[in-house]
Amino acid sequence: MSIKEWYTTQTPREQFIVAATAIVGVVAMVYAFAYKPLSTGIASRQISVAAKQRDLEWMQQQSPASVAGSGQTIQPMEKAPYLLLDEAIKRARISTPERVTPDGSEGARAQFSNVEFDKLLQVLGGLEQTYGLSVKTINLSRKDAGEVSARLSLEAYQ
């Protein structure tokens, strides 16, 4: 006996109950598998977009301050960037890099196997504020607490 034959053999009251149950089931499945995931996804994406817009606005507000430094003017580089980097590393008394090499005429590369992260950032920030040498690329790997291995490339502002 097929479902259609079974359905037609039922009383009108039972046919109504089966039809109503089927409709409620279809509506529940559409809600559970289509509407709810879509509405939840849209709401979470709206929250994410709002957060990213706030972050972007903050970054745009901070942009002039970061370019201007702290009211300091960028000094001209009287030495090659790799020499300036090497001197800044020695002044900060951080571990000596394995390599400091030139990267063209306006840049420098350095490689550390083990360096204090905070002090490295201070050196890089000082070079950017003083000479306009910004980090072009940096690869960091965590070693111990507060220490990293680092490969970085600096370039002068254009």
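Accessible areas here come from the Shrake-Rupley method with a 1.4 Å probe, and for residues only the protein chains shown count as cover. With that in hand, the protein exposes about 11700 Å². Carbon and sulfur atoms supply 58% of that area.

A word on the model. It is predicted, so local features need pLDDT of at least 70 and side-chain atom pairs count only at pLDDT 80 or more, while totals for chains, interfaces and linings use all residues. Residues are numbered from 1 along each chain as its sequence is written, and side-chain values use heavy atoms, with hydrogens and water left out.

Now the layout. There are 4 helices and 4 strands. Both are DSSP runs numbered from the N terminus: helices are H or I with at least four residues, strands are E with at least two. Starting at the N terminus, the order is α-α-α-β-β-α-β-β.

What is the radius of gyration of the protein? It is 32 Å, whereas a compact globule of 158 residues would have one near 15 Å. The radius is taken over C-alpha atoms, and the globule rule is 2.2 Å times the number of residues to the power 0.38. The C-alpha trace spans about 100 × 35 × 30 Å along its principal axes.

How much is buried? Of the 158 residues, 19% are. Buried means under 20% relative accessible area, exposed means over 50%, and partly exposed lies in between (1.4 Å probe, protein chains only).

Next, contacts, meaning heavy atoms within 4.5 Å. Take those with a separation of 6 or more: residues 24 or more positions apart account for 54% of them.

Let's go inside. Leucine 152 sits in strand S4. Why does leucine 152 count as buried? Because its relative accessibility is 4%. Beyond its neighbours within four places in sequence, leucine 152 touches Leu85, Ala108, Arg109, Ala110, Phe112, Leu120, Leu124, Thr137 and Ile138. Glycine 126 is 26 residues from leucine 152 along the chain, and their C-alpha atoms are separated by 15 Å.

Serine 149 is also found in strand S4, residues 147-156. Serine 149 is buried because its relative accessible area is 15%. Again leaving aside neighbours within four places, its contacts are Phe112, Ser113, Asn139, Leu140, Ser141 and Lys143.

On to charges. Lys and Arg count as positive, Asp and Glu as negative; His and the chain ends are not counted. Each charge is placed at NZ of Lys, CZ of Arg, CG of Asp or CD of Glu. The protein has 17 positive and 16 negative charges, and their mean positions are 5 Å apart.

How many salt bridges does the structure hold? There are 5. Each is a side-chain nitrogen of Lys or Arg within 4 Å of a carboxyl oxygen of Asp or Glu.

Here is one: lysine 136 with aspartate 103, at 3.6 Å from N to O. This pair links distant parts of the chain, 33 residues apart. Lysine 136 is in strand S3 (133-142), and aspartate 103 is in the loop between strand S1 (99-102) and strand S2 (107-116). Lysine 136 is partly exposed, at 44%. A network of salt bridges links Asp103, Arg109 and Lys136.

Another joins lysine 79 and glutamate 87, whose closest N and O atoms are 2.3 Å apart. Lysine 79 is partly exposed at 40% relative accessibility, and glutamate 87 is partly exposed at 28%.

Last pair: lysine 119 and glutamate 116, with closest N and O atoms 3.7 Å apart. Lysine 119 has 31% relative accessibility, and glutamate 116 has 37%.
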